[in-house]
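Me: I am new to this structure. Please take one part of it and walk me through that part closely.

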Amino acid sequence: MLVAADKFKGSLTAVEVAERVTAGLRRAVPDVEVEALPVADGGDGTVAAAVAAGFTRREVRVAGPLGQEVTAAFAVRGDTAVVEMAEASGLQRLPAGVLAPLTASTYGSGELLRAALDAGVRTIVFGVGGSATTDGGAGMLSALGARFLDEDGEPVAPGGGGLARLARADLSALDPRLAAVELVLASDVDNPLTGPKGAPAVYGPQKGASPDDVETLDAALAHYARVLEASVGARAAEYADAPGAGAAGGIGYGALLMGARFRAGIEVMLDVLGFAPALERAELVITGEGSLDEQTLHGKAPAGVAAAARAAGKEVVAVCGRLALPPAELGRAGIRRAYPLTDVEPDVATCIADAGPILERVAERIGRDFLS
């Protein structure tokens, strides 16, 4: 039995989901062998999943999205580092009740990448998602040596809004160590930088952007790409339209400018976490996340786990807080059956507040259905 589930956002971490599912299975079959491999798709929780898989957690003080100092973590094993931009620049790093769509910066994410370079790694998996920012990765690039200047030769203000005043971009002093590492941009988002499907339009409202803010940010990021094109050539324009450029408020664009290779986040993380050998040992796979819905089918962790398991001929069931997919859609995704918490406790608020004990009861049902 392999438990490879993502977090239940707002209720349980991926590690806690695995613990609760394991406990519930053992209620039904006390001697069942369970292997836990918490997973993530590159967004928040990616470092925790890596640590659970045997990576070493390292902490460093970096700038939060509004410049305040925070303690952020990354993970290292051998010559590979897993860096999660949300650790430095995520929504959870904003002061309570504060959203800053125009001014939040990814500078701290650049500092995290620099710390990974300092660790001497050869491969950096850069998981992006859950950001508070829409600055096109300008803050990150600045932390790694780039300069973004206004007409007076002064640094532009932090955040996407400040890019409207950008007159000159200079990437010549980017940390030279970047050229010697494999940088993998891991994301479940394939949006371009700007336009109707770009970072500001699609994700800006989640970060507090009003319709006027979205318009301002989209224009600022388009201007940013044009200025970069004058500095580094046609590739700046090509990257702006590339899949993943719009990930995490456009930090994907900044990563592509640094030479990153874009890959679906869950595919990268399954490789990094050692999913294939664990899958070989399993007869049944349990995956899941807080909400199984239409978004799940587009690169989220359960869909990635189910696809890999189906290719290996393994049966998959899923746990979730909320189920919004019909059985036919689940089947096409490779999931035989889903077990939502709401089947046990219909009140959603109770499911969120008491997710752990309820998930144990759900897992006990799975044990009876598949193992007894």
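Reply: Two strands pair if DSSP finds at least two bridges between them. Keep that in mind for what follows. The model is predicted. The part to look at is strand S9, with the sheet around it.

Start with S9 itself. Strand S9 covers residues 182–187. Five of its six residues are buried, so the rest of the structure largely encloses S9.

Now its partners. S9 and strand S10, residues 261–264, are joined by four bridges and pair in the parallel sense. Within this pairing, Ala 186 has Arg 263 in S10 as its bridge partner. Strand S6, residues 123–127, also runs parallel to S9, and five bridges join the two. Here Val 125 stands opposite Val 184 in S9.

Val 82 stands opposite Val 125 in S6.

Step back to the whole sheet. Six strands make up an open sheet, ordered S3-S4-S5-S6-S9-S10, and the pairing is mixed. Strand S3 (56–63) and S10 stand at the edges. Each has a single partner strand, so one side of each lacks a neighbour in the sheet. On average, neighbouring strands are turned by 30 degrees against each other, direction ignored. In a regular strand, side chains alternate between the two faces of the sheet.

Next, the helices that meet this sheet. Helix H4, residues 107–118, lies across S3, strand S4 (69–77), S5, S6 and S9. H4 runs at about 140 degrees to S3. Helix H10, residues 265–273, packs on the sheet too, touching S4, S5, S6, S9 and S10. The direction of H10 makes about 90 degrees with that of S10.

A search of the whole structure finds zero disulfides. Cys 320 is in no disulfide, and its nearest cysteine sulfur, that of Cys 351, is 9.9 Å away. A disulfide needs the two sulfur atoms within 2.5 Å. Cys 320 is buried, with a relative accessible area of 0%. Cys 351 is buried as well, at 5%.

Key: Residues are numbered from 1 along each chain as its sequence is written. This is a predicted model: local features need pLDDT of at least 70, side-chain atom pairs count only at pLDDT 80 or more; totals for chains, interfaces and linings use all residues. Side-chain values use heavy atoms; hydrogens and water are left out. Buried means under 20% relative accessible area, exposed over 50%, partly exposed in between (1.4 Å probe, protein chains only). Axes are lines fitted to C-alpha atoms, for helices over the stretch in contact, and angles run from 0 to 180 degrees between N-to-C directions. Contact means heavy atoms within 4.5 Å.
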